[in-house]
Amino acid sequence: MKIKNYILVCIALALSVSAFSQQGKQKRADTLFNKFSFVKAIDVYKELIANNYNKDYATRQLADCYAYLRDPNNASRYYKNVVKQDKVPIEYYYKYAQSLRGMKKYEESQEWLQRYKDSGGVVNANDFSKDINFITSVFGAKQQYFLDKVYFNSKFSDFGAFEQNGKIYFTSSRDEGVGIKRVYGWNEQPFLDVYVTNSKTKRNVDHSAKLKGDVNSIYHDGPVTITKDGRTMYFSRNNYKDNVEVKDKKGLTNMKIYRATYRDSIWTDIEDLPINGDEFSTQHPALNADDTKLYFSSDRQGGQGGSDIWVVDLYPDGTLRDLKNAGNVVNTESAEGFPFINTEGTLFFSSDGHTGLGMLDIFGTIKGDNDEIVDVINLGVPVNSNKDDFSFFMNQDGITGYFASNRTGGRGDDDIYAFHRVPTLHVEGIVTDAINTKPIVKAMITLFDDKDNQIAYMETDENGFYQINIDRDKDYKIVASQEKYIDDYRNFTSKNIQTELTTISANLLLNPKPDVIKLAELNTIYFDYDKHNIREDAALELNKIVKLMTVDYPEMIIRIESHTDSRGALSYNDKLSIDRANSTYQYLISKGIKPDRITAHEGFGERRLTNGCEDGAKCEEADHQLNRRTQFIVVKME
């Protein structure tokens, strides 16, 4: 059987490799963006733009970052570039109009609003007013959140979902399956308890899912938050401990935050905390990413009015110090509660004091350059409604989470809703040399829409890899090009794909142009068993290499690497491979190749087998033959 020859061409290039690849930077920027860490995201998007990496997309994201930081001047600067992009989504006409309005350029703003309307966008009279909140209007230009089904709601009150390690902890007044129920006189529902179920459950839960241990009492318990190590829980409860209920001067039982420890598979060792008091309520605990700060809501004195968001430092020994009010950007004269802090330190909360869609709405916060909170964003529909929306929670991915609402259409009083943000979709792949299957560095990747309009372009990295963010529900063409190769392209679509899908693969294969195909003459040569002499077939291949190095590429420099099969002793095979390298070297020198054009001629024995024919393996002679070889590596072409 004729042995198929394979070309092994390796062109050494000096590359400046950054600490993070461009696609890694984009993922980092998008993660920061999704987690409302806009100041940090700005720096990364600017780097991507400077490096021409998916520049159109990065510019859109950068403009949005400045908009959310209530910086209409910078936002307008970048939106101005965005609206010039081919096939830009029309919501950017709207966003540009809002940034112009934030700069009080009302006439120009209305021109872009009209263009948005003429392109199919829906506007209302308020969009043309001068006093709408700039940031919230930009955030609401495109739906950010989408709702998913939750299976464990009841006809009673369910809220406070908190997910950790495959479990969902939530607060409910269901008490279903219990013969005797204690009813809260305020709403004639059972008192709240903490429940736990599997995060993937598709079944409802009853009293058997109540949290095991001492957290649940005869009064209200929940919601909860848990430290990252899963050992400590902070939870709300009426002022009740050791079977004693404590009322304030008005005869009301306020809320407190207690601490519990996970021990022997139950939550126990309940502790009252020094941040509590008998004459005010302290509730809705939430921990930051590294468990060093405890956020909560309280109607204690010293706030802005109503109930406020507060924060206290939490030390490793469990002590709490330096209690602070979250400030008047967050807190209003009305009610703020249910704080949550994501992994980037962004605070979310509910309020009926900020401008919203109804009663309690959920808001995110925006941080400035010095990490201080400078503004809030209404999360918009469908997270918020014309009813109460509260107890927001986001998973570490920044994409999925939960909130609660008493909106119309739910199963009971308050219901838990799951959400997801549609993740960024991207096309990615590896550009490979069709002859030697090696990745091609710095190949130009160009993305086109279905009308052949260029959307984005970039270069492949040191691994021949590229990645470009794309929109959903569109048709595309991706083209790879490099000066020494023939272009290759692929058509693909992002239509009718699953929401959870984040990657479309499109590998590209480039064939060398004719002047490079001559490198195919650098064929591997082969040897007989236990021999190092040059066979007739090997001499033919070596003569081709001589012609290639003397006529076609007189400046080309190569390296010789020789090998054996696995049969025989390791030390013997090392010497045999060196003899084969020397034979190959001497043949080329004898044909007029100068020694300085062969940087090395080395033997590697049986250490680099091309297949599984190791010691003891049963292999055909043809398989062993593939290992008895000399290969030629191109070190320099010109």
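Predicted model: local features only at pLDDT ≥ 70, side-chain atom pairs only at ≥ 80, totals over all residues.

Trainee: What makes H1 and H3 roughly parallel?

Mentor: H1 covers residues 22–34 and H3 covers residues 55–68, and they pack at an angle of about 30° with their axes 11 Å apart. Angles under 35 degrees count as roughly parallel, so H1 and H3 get that name. As for handedness, H1 passes H3 in a left-handed crossing.

Trainee: Cys65 was among the H3 contacts. Is Cys65 buried or exposed?

Mentor: Buried means under 20% relative accessible area. Cys65 has 0%, so Cys65 counts as buried.

Trainee: How do you know whether H5 and H6 are roughly parallel or roughly antiparallel?

Mentor: Look at the angle again. Helix H5 (residues 91–102) and helix H6 (residues 106–118) pack at about 165°, with their axes 8 Å apart. Over 145 degrees counts as roughly antiparallel, and therefore H5 and H6 are described that way. Their crossing is left-handed.

Trainee: Which residues meet there?

Mentor: From H5, the residues include Tyr93, Tyr94, Tyr96 and Leu100. From H6, they include Tyr106, Trp112, Leu113 and Tyr116.

Trainee: What makes S25 and S28 a pair?

Mentor: Two strands pair if there are at least two bridges between them. Strand S25 (residues 444–449) and strand S28 (residues 475–481) are joined by six bridges and run antiparallel, so they pass that test. Asp449 stands opposite Tyr476 in S28.

Trainee: How many bridges join S19 to S20?

Mentor: Five bridges join strand S19 (residues 361–367) to S20, and the two run antiparallel. Phe363 stands opposite Asn378 in S20. The sheet here is open, with four strands in the order S17-S18-S19-S20 and antiparallel pairing. Its edge strands are S17 (336–341) and S20 (373–378). Neighbouring strands of this sheet are turned by 30° against each other on average, direction ignored.

Trainee: Last topic: how do you know that Cys613 and Cys619 form a disulfide?

Mentor: The two sulfur atoms must lie within 2.5 Å. For Cys613 and Cys619 the S to S distance is 2.3 Å, so the pair qualifies. A search of the whole structure finds one disulfide.

Trainee: Why is the disulfide called left-handed?

Mentor: The torsion about the S-S bond is about -110°, so the disulfide of Cys613 and Cys619 is left-handed.

Trainee: And are these two cysteines buried or exposed?

Mentor: Cys613 has a relative accessible area of 3%, under the 20% limit, so Cys613 is buried. Cys619 has 26%, which lies between 20% and 50%, so Cys619 counts as partly exposed.

Definitions and conventions
Residues numbered from 1 in each chain as written. Heavy atoms only, no water. Buried < 20%, exposed > 50% of the residue type's maximum accessible area, 1.4 Å probe, protein only. Axes fitted to C-alpha atoms, helices over the stretch in contact; angles between N-to-C directions. Parallel < 35°, antiparallel > 145°, perpendicular 65-115°, else oblique. Left-handed = near helix turned anticlockwise from the far one by under 90°. Contact = heavy atoms within 4.5 Å.
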